[in-house]
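Please walk through this model with me, one region at a time. The sequence and coordinates come next, and the explanation follows them.

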Amino acid sequence: MNSDDFRHHAHEFVDWMADYLDQVERFPVKAQVQPNDVLTQLPTDPPIRPEPVSQVFEDFQSVILPGMTHWQHPNFHAYFPANSSRPSVLAEMLTATLAAQCMSWETSPAATELEIRMLQWLQQMIGLPGDFIGSIQDTASTATLVALITARERATTYRANDSGLNHGEELTAYCSVDAHSSVEKAVKIAGIGQRNLRRIPVDRSHGMIASALEDAIVKDIEASRHPICVIGTLGTTSVGGFDPIREMSQVTTRHNVWLHIDAAWAGSALILPEHRQLIDGIEHADSFVFNPHKWLFTNFDCSAFFVRDPEALIETFRITPEYLKTRQDSVVTNYRDWGIQLGRRFRALKLWFVIRTYGLEGLRTKIRSHIQMAQETAAAIDAAPDFELLVTPALSLLCFRYHPVGVDDATQLDALNEALLHRLNDSGSLYVTHTRVDDAYAIRFVVGQTDTE
Ligand code: PLP
């Protein structure tokens, strides 16, 4: 493709992109295809001869698009949002054009220094204490894994990194019964083992019971096990529960255990001063993650990960073969040492575009409006005789069910709600997902898309 063709197609694509975002409501929110519908339309062999971009673009529209779920649709209320915005998309175009691999300061100084500054901005925006230092990770799953491995190394004085986990010592980790599945995945990968992950019960408001955490840690210590990490959640995936950071931190401080806070979704709401009480006690945590790619209008992927002791993190992950050494290593930040992957995308650019073009006030207005819409929906559910909320709404997340007057059999109610959910999603007009609340099938509804009104 020569430069003229590139320019021509780029303009054509940008027109398509602007129309798509304006008219996304023309599409069914959830893809209405069946398994293999897309695959069977794709040739089994790669093309030998070049094909025109116009043909590929046509196929994108006819083959790919019908198989996409439209996450930017205003009626997307499933899972947690992965919202984006026009400024974020523009920045991604620039990132893709530069196509820089930003593993070290030297491989793109501006990428590193912009990342440093953007993480400082985010830190201020959400009210994290100044002694946290941030980096961008691809996802919250990765950030939690990185925190757990760092906790493991700090607890074993870097012995596990050196000689493996063959010291006859059982390491243990703790999270609430409502913690995200990424915690379980992290303990598997980090060599802690699923059976050494303690699931601490939650109270009626779905926050971890700190006294039960204390009991579990003491029991493990008495059995000569080694507690290394507690993972607390702000905004659990199922029902939006908030673990009590201050109370948990009293336990982790007493036992010298790493405290990691997973605020993947709810963290963005901390830009609203009225929700800051959720991080009461955060100054005693060791690490914290939230996802601008969920609820801060920055397209996937972009996860903001903060630690209080970057030296422990770097000591855990640093590897410097000869071919990666640079003259400035002793005076610069090399983010390749801050996590698992060596190669890094330039993700800070889209944060810069989003934060500058919305301004903090603009971001606050958007997130406040999402919470307000969810609260109004909750009030409507409360007022409807045939519907009920199953938990107190958390920020912009509601769990509710259809409960027709006179139908009280649990199995029948579950079946009715499952049928209702599929009917709604198959209609294409909105997308919601489900969970279970005290064993009852619940419809889970989240407000968080950029253009939801
Ligand atoms: N933690 C929580 C509380 C979540 O809700 C999610 C995803 O929804 C994750 C972690 C995983 O996020 P990611 O996809 O960034 O790994």
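Is Asp414 buried or exposed, going by its relative accessibility? At 16% relative accessibility, Asp414 counts as buried, where buried means under 20% relative accessible area, exposed means over 50%, and partly exposed lies in between (1.4 Å probe, protein chains only). This is a predicted model, in which local features need pLDDT of at least 70 and side-chain atom pairs count only at pLDDT 80 or more, while totals for chains, interfaces and linings use all residues. Residues are numbered from 1 along each chain as its sequence is written, and side-chain values use heavy atoms, with hydrogens and water left out.

Asp414 forms a salt bridge with Arg436, with 3.0 Å between the closest N and O atoms. The term salt bridge stands for a side-chain nitrogen of Lys or Arg within 4 Å of a carboxyl oxygen of Asp or Glu. Helices (H or I, at least four residues) and strands (E, at least two) are DSSP runs, numbered from the N terminus. Arg436, at 41% relative accessibility, counts as partly exposed.

Strand β10 is also part of an open sheet of four strands, with the order β8-β9-β11-β10 and antiparallel pairing. Two strands pair if DSSP finds at least two bridges between them. β8 (387-389) and β10 stand at the edges with a single partner strand each, so one side of each has no neighbour in the sheet. From one strand to the next, the twist averages 40°. Within this sheet, strand β9 (residues 397-402) and strand β11 (residues 440-446) run antiparallel and are joined by four bridges. Phe400 has Ile443 in β11 as its bridge partner. Helix α13 packs on the sheet and touches β8, β9, β10 and β11, and its direction makes about 30° with that of β11. Contact means heavy atoms within 4.5 Å; axes are lines fitted to C-alpha atoms, for helices over the stretch in contact, and angles run from 0 to 180 degrees between N-to-C directions.

Side chains of opposite charge can pair when their charged atoms come close. How many salt bridges does the count come to? The count comes to 27 salt bridges. One of them joins the side chains of Arg86 and Asp22, at 3.2 Å from N to O. Arg86 is in helix α3 (residues 86-98) and Asp22 in helix α1 (residues 3-23), so this pair ties together parts 64 residues apart in sequence. Arg86 counts as partly exposed at 37% relative accessibility, and Asp22 counts as exposed at 55%.

Another salt bridge connects Asp301 with Arg347, whose closest N and O atoms are 3.1 Å apart. Asp301 lies in the loop between α10 (292-295) and β7 (303-307), and Arg347 in the loop between α11 (310-317) and α12 (348-383), so that distant parts of the chain, 46 residues apart, are linked. Asp301 is buried, with a relative accessible area of 12%, and Arg347 is buried as well, at 4%. Asp301 and Arg347 also belong to a network of salt bridges that links them with Glu92, Arg345 and Lys350.

Next comes strand β5 (residues 258-262), which is mostly covered, five of its five residues being buried. Trp258, His260 and Asp262 point one way from β5, while Leu259 and Ile261 point the other way. Strand β4 (residues 226-233) runs parallel to β5 and is joined to it by five bridges; Val230 has Leu259 in β5 as its bridge partner. Between these strands the chain passes through helix α9 (residues 245-255), and this β-α-β crossover is right-handed. Right-handed means that, with the strands pointing away from the viewer, the path from the first strand over the helix to the second runs clockwise. β5 also pairs with strand β6 (residues 287-290) in the parallel sense over three bridges, and the bridge partner of Asp262 in β6 is Val289.

Thr233 is found in strand β4 and counts as buried at 4% relative accessibility. Leaving aside its neighbours within four places in sequence, Thr233 is in contact with Ala179, Gly241, Phe242, Asp243 and Asp262.
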